[in-house]
Amino acid sequence: MTQDPEPGDPHRGETEHQRLNRELDQLLSELRVALPGVQVLLAFLLTAPFSDEFGQVQGESRSLYVAAITLAAMASVLLIAPMVHHRLRFRDGTKEEMIRMANRLALAGATCIALAIGCAVYVVGDSAFSGSPARWIGPGLVLVAGVTWYLVPLRYREDQTPRPG
């Protein structure tokens with residue numbers, strides 16, 4: 001059940017059909033922003049083993065490299081899925097359910113990409129700056145992503161009114 005828009009809400013008076021179209025358009029636009037970054041990371045990770053220096057990646061860094069490439073590939077799959085769902089169920093009257101599932105898939109994809117970035121940066125830090133704390137930048141980035149992507153938005157309160165300037 002959706003909440004009635006507040007007075008002054010720009011979406012006040014839109015029909016259920018209009019709301020669903022707007023929400024789907026917004027979601028697909030957001031995915032269009034996220035997906036290229038995921039695909040660029042995946043492309044770099046896929047080509048890394050073919051470089052001469054890849055042999056320097058050893059031990060746990062090698063395992064984390066596999067985790068990074070797997071997570072980046074999974075993020076790509078999860079972020080592309082809403083488009084496939086939309087194409088398969090176009091005009092089936094399932095838009096509300098599709099938007100809910102696409103939201104879950106987008107959040108799961110974002111989680112995978114945050115973890116993939118963390119793993120990839122760990123591998124780079126460990127390989128390029130062996131023995132230094134640089135490898136811990138990766139896990140730090142995962143923490144930053146978790147806070148800014150998940151915890152900060154959960155602090156928004158519906159009853160908060162924006163303060164001018």
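## A tour of the salt bridges

Start by selecting E96, which is partly exposed because its relative accessibility is 21% (buried means under 20% relative accessible area, exposed over 50%, partly exposed in between, with a 1.4 Å probe and protein chains only). The model is predicted: local features need pLDDT of at least 70 and side-chain atom pairs count only at pLDDT 80 or more, while totals for chains, interfaces and linings use all residues. Residues are numbered from 1 along each chain as its sequence is written, and side-chain values use heavy atoms, with hydrogens and water left out.

Helices (H or I, at least four residues) and strands (E, at least two) are DSSP runs, numbered from the N terminus. R19 has 8% relative accessibility, so R19 counts as buried.

Next, select R100. E96 also forms a salt bridge with R100, with the closest N and O atoms 3.1 Å apart. Because E96 and R100 are 4 residues apart in helix 3, about one helical turn separates them. Now show E16, R19, E23, E96 and R100 together: salt bridges that share partners join these residues into one network. R100 is partly exposed, at 44% relative accessible area.

Last, go to R22 and E14. This salt bridge has its closest N and O atoms 2.6 Å apart, and E14 is partly exposed at 25% relative accessibility. The whole structure holds 7 salt bridges.

How values were computed:
Salt bridge = Lys/Arg side-chain N within 4 Å of Asp/Glu carboxyl O.
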